[in-house]
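Biologist: I would like a close look at a single part of this model, with the terms spelled out as you go.

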Amino acid sequence: MGFYQDRIVPHLVNLAMRNRQLDPYRERIVAHATGRVLDVGVGSGVNLPIYTDRAKEIVGLEPHPKLLNMAAEKKPRIPVKLLEGSAESIPLEDSSIDTIVTTWTLCTIPDVEKALAEMRRVLKRDGQFLFVEHGLSPDERVRRWQNRLNPVWKKLAGGCHLNRPIAELVRGAGFRVSQLDTGYMPGPKPMTFMYEGSARPA
């Protein structure tokens, strides 16, 4: 698997998820973040320079030290605190966050239900959860391909799931989805059905 992880996986992820076509999604979501923000799966910090002055502090959560080191090199205008940790056990107090942001993160978290419950715990009662994710398509033919490809894709793409029902998972964690836009972005349909939305504690 070394060759695939070092060469093929980054190429696949780049093609399917990390290209310039993602920038408008990312910019729209991040622009709405206000107050104290928790960026779950901050990764290498791609979101950090995009935050506006409406955000007063950014807490970036990421389990991988190498990615955190890359994020630390970013120079955003807003104070940033980077935490090494898992979304399934967020090292923050209850009701301490105004906005939670996830950008193509929920697909890879092993226990996504537990992670969403943790996000609900740390979010203030009047807070907001902003997300853009790829996931389960409403089209039966595409869903069949997603389910068929998912076991192999998970192994090749670092645990990424093609077939998670994002809106259903968010609602099931105690959120009320207040806005949701869905649709395919250009690319292979099993990898590119997008959920872009916002939610608040139910």
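Which residues is Phe 129 in contact with, leaving aside its neighbours within four places in sequence?

Modeller: This is a predicted model, in which local features need pLDDT of at least 70 and side-chain atom pairs count only at pLDDT 80 or more, while totals for chains, interfaces and linings use all residues. Residues are numbered from 1 along each chain as its sequence is written, and side-chain values use heavy atoms, with hydrogens and water left out. With those neighbours set aside, Phe 129 is in contact (heavy atoms within 4.5 Å) with Ile 100, Thr 102, Leu 106, Leu 116, Met 119, Leu 123, Val 170, Phe 175, Gly 197, Ser 198 and Ala 199. Phe 129 is also, together with Leu 38, Ile 100 and Met 119, one of the residues with the most contacts inside the largest nonpolar core, which has 30 residues; such a core is a set of buried Ala, Val, Leu, Ile, Met, Phe, Trp, Tyr and Cys residues joined through side-chain atoms within 4.5 Å. The elements that each supply at least two residues of this core include β4 (97-103), α4 (112-122) and β5 (123-134), and α4 gives the most, with 5 residues; helices (H or I, at least four residues) and strands (E, at least two) are DSSP runs, numbered from the N terminus. Met 119 lies in helix α4 and counts as buried because its relative accessibility is 0%, where buried means under 20% relative accessible area, exposed over 50% and partly exposed in between, with a 1.4 Å probe and protein chains only. Not counting residues up to four places away in sequence, Met 119 touches Val 40, Ile 90, Ile 100, Thr 102, Leu 106, Ile 109, Phe 129 and Phe 175.
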